[in-house]
Amino acid sequence: MTTPIPAETADDSRRYRPDPTVLNALTSPRLLTREVLAGLVVGLALIPEAIAFSIIAGVDPKVGLFSAFIMATSIAFLGGRPAMISAATGAVALVIAPVAREHGMDMFIATVMLAGVFQILLAVAGVAKLIRFIPRSVMVGFVNALSILVFAAQVPHVIGVPWMVYPLLAIGIVVLVFMPKLTKVVPAPLVTIVLITGIAVVFAIDVPTVSDQGDLPRSLPELFIPNVPLTWQTFSTIAPYSLAMALVGLMESLMTAKLVDEITDTHSNKTRESWGQGAANMISGLFGGMGGCAMIGQTMINVRASGARTRISTFMAGAFLLILVVVLGDIVGMIPMVALAAIMMMVCVDTFDWHSIRPSTLRMLPKSETFVMVATVAVVVATGNLAIGVVVGVFVASVLFVRRVAHFVTVERTVTGSDLGVDADGPTGAEAGRDENASTAEAVARYVVRGELFFASSNDLTTQFRYTHDPDHVVIDMTESHVWDASTVAALDAIVTKYEAQGTRVEITGMNAYTETLHARLSGGLG
């Protein structure tokens with residue numbers, strides 16, 4: 001007898017099922033060719049980036065290159081988002097650069113491995129679920145800011161260079177724009193690299209090449225066990241850098257995974273991606289790599305420019321990278337940097353959300369949404385750190401949201417009974433419409449509270465009651481409201497205390513189950 005699969009598990013399995021699958025690609029020559037060629041293009045694009053990020057981190061270029069190879073091949077099996085590319089990144093390099101400079105290579109590698117442990121622990125703790133709290137405006141700002149940063153990183157390759165770079169750049173852009181309209185059998189970025197390299201070699205054009213970025217390794221990566229003392233002092237030294245790397249890497253990876261989900265109209269397992277990143281970083285450290293996270297530029301080349309959809313392209317990107325630098329290093333070194341710069345520039349232009357800055361869109365969207373998007377872009381561009389920009393964007397969006405919601409709470413007052421209309425301000429419209437027989441009943445002031453009550457909306461709640469003008473019996477009707485926190489319970493206690501100080505009897509009615517439980521537990525114990 002077989003145990004039935006719970007509905008939720010079955011649904012999750014269907015939800016995260018890739019389309020097409022690896023098996024589909026392996027049995028389809030067309031899909032397999034697309035995935036392999038996409039991996040080749042990304043592998044070529046990873047080389048200069050990995051070298052550049054190694055320089056930022058203050059380590060040998062082979063550290064970044066080996067890290068790119070290990071991260072890409074590992075995450076192909078471990079990750080939760082098919083076709084996403086992970087490798088050495090600038091954000092991670094900036095965070096851990098001080099370790100290599102101040103404490104040496106062994107501590108640097110230990111930092112990378114500890115960051116992997118932290119990422120696995122964060123995944124187990126459910127950090128991936130926090131991605132749902134990132135609003136659309138922050139996501140748009142993230143994409144736009146990243147497009148600007150990646151584009152800006154290509155500018156040095158086309159400024160202050162030999163004039164022949166510009167005709168080659170124009171050729172590359174023409175191929176990238178028009179070739180996909182003719183055929184998608186061969187990725188346009190691969191054609192661009194081959195064509196520009198061929199022109200540069202045949203006509204002996206002297207332009208900056210990949211070999212100018214740094215020496216390529218000639219051997220395979222070897223097992224590297226960091227020689228560090230297993231003491232509290234070692235942990236306290238590297239832990240802050242490791243935690244920062246873990247958080248930055250996870251945030252960038254989960255945001256990139258969410259973007260790929262939207263582009264491909266598929267779902268991915270963010271929890272698996274989180275612990276997969278951690279495991280990949282640990283493996284990277286074991287082979288002397290600098291770790292990393294998802295790369296949105298190379299991912300966009302893979303998914304959008306080359307059309308890849310499976311883990312095959314991710315694995316092949318890492319495999320081709322190793323083959324290219326170790327076996328074909330001399331040939332790869334001949335590739336003009338302008339070919340790779342042209343690809344990255346067009347990816348940035350294609351990735352940037354131009355709709356978000358159209359005048360018609362800006363007029364239609366609430367100003368707060370636009371402000372959050374602009375704030376996210378501004379902080380990311382100013383700091384060069386995607387994680388800081390996203391955190392600031394979420395904070396600004398949260399503040400603006402709380403500010404809006406705080407104004408949705410209303411308090412409506414009606415008075416019935418013999419004392420009706422005796423207050424100094426005179427009867428209200430609701431009071432004027434009372435029943436003629438109400439004068440014989442006990443005077444009662446009824447307050448109907450509507451809306452969500454939490455720390456922001458409840459701060460002004462105490463000012464909505466007319467303590468000195470109300471009769472001896474006050475009813476606070478909570479039927480159309482909900483209490484979320486201790487701040488609101490404290491506000492209700494303050495209201496009751498003010499009334500009781502002048503001999504007024506207060507009755508709170510209509511609380512829902514959650515509100516009643518929270519109020520019963522906290523009321524009278526908040527000081």
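# Close-up views of a predicted model

View 1. Val475, in β5, is the bridge partner of Arg446. This view, like the others here, comes from a predicted model. β4 covers residues 444-453, and β5 covers residues 473-483. The two strands pair in the parallel sense, and eight bridges join them. Another pair to look for is Ala445, which stands opposite Val474 of β5.

**View 2. β4 with β3 on its other pairing.** Strand β3, residues 410-416, pairs with β4 in the antiparallel sense over seven bridges. Is β4 mostly covered or mostly open? It is mostly covered, with seven of its ten residues buried.

**View 3. β5 between its parallel partners.** Here β5 pairs with strand β6 (residues 505-509) in the parallel sense over five bridges. Arg505 of β6 is the bridge partner of His473. β5 also pairs with β4 in the parallel sense. Of the eleven residues in β5, nine are buried, and the strand is thus mostly covered.

View 4. Which loop holds Thr462? The residue is found in the one between β4 and β5. Thr462 has a relative accessible area of 17%, and it counts as buried because this value is under the 20% cut-off. Leaving aside residues up to four places away in sequence, the neighbours that Thr462 touches are Tyr467, Ala491, Ala494 and Ile495.

**View 5. The largest cavity and its lining.** The model has three cavities of 30 Å³ or more, and this view shows the largest, with a volume of about 60 Å³. Its lining is made of Val143, Leu146, Ser147, Val150, Ile296, Gly297, Met300, Val347, Cys348 and Thr351. Three helices each supply at least two of the lining residues: α7 (136-154), α12 (296-305) and α15 (337-351). Which of them gives the largest share? That is α7, with four residues. By residue type, the lining has seven nonpolar and three polar members, and no charged ones.

**View 6. The second largest cavity.** This cavity has a volume of about 40 Å³. The residues around it are Ile75, Ala76, Arg81, Pro82, Ala83, Met84, Glu273, Arg311 and Thr314. Five of the lining residues are nonpolar, one is polar and three are charged, whereas the lining of the largest cavity has no charged residues.

**View 7. Two non-glycine residues with positive phi.** Ala204 has a phi of about 50°, a positive value although the residue is not a glycine. Ala204 is found in the loop between α9 (188-202) and α10 (232-264). Its relative accessibility is 65%, and Ala204 counts as exposed because that is over the 50% cut-off. Asp265 also has a positive phi, about 55°, and is not a glycine either. Look for Asp265 in the loop between α10 and α11 (270-286). Is Asp265 buried or exposed? With 71% relative accessibility, Asp265 counts as exposed.

View 8. The UniProt annotation "transmembrane region", from an unreviewed entry, covers several spans, including residues 107-131 and 161-178. For residues 107-131, the end C-alpha atoms lie 31 Å apart, and the span is 72% helix and 0% strand. For residues 161-178, the end C-alpha atoms lie 26 Å apart, and that span is 78% helix and 0% strand. Other spans under this annotation in the entry include residues 36-57, 319-352 and 372-402.

Definitions and conventions: Residues are numbered from 1 along each chain as its sequence is written. This is a predicted model: local features need pLDDT of at least 70, side-chain atom pairs count only at pLDDT 80 or more; totals for chains, interfaces and linings use all residues. Side-chain values use heavy atoms; hydrogens and water are left out. UniProt positions are given in the numbering used here, feature names are shortened, and annotations may be inferred rather than shown by experiment. Buried means under 20% relative accessible area, exposed over 50%, partly exposed in between (1.4 Å probe, protein chains only). Contact means heavy atoms within 4.5 Å. On a 1 Å grid over the protein atoms alone, a cavity is a set of points where a 1.4 Å probe fits but cannot get out, and a pocket is an open set with protein on both sides within 12 Å along at least five of seven lines; lining residues have an atom within 4 Å of a point. Grid points are joined across faces, edges and corners, and a volume is the space filled by probe spheres set on the points. Ala, Val, Leu, Ile, Met, Phe, Trp, Tyr, Cys and Pro count as nonpolar, Asp, Glu, Lys and Arg as charged, and the others, Gly among them, as polar. Two strands pair if DSSP finds at least two bridges between them.
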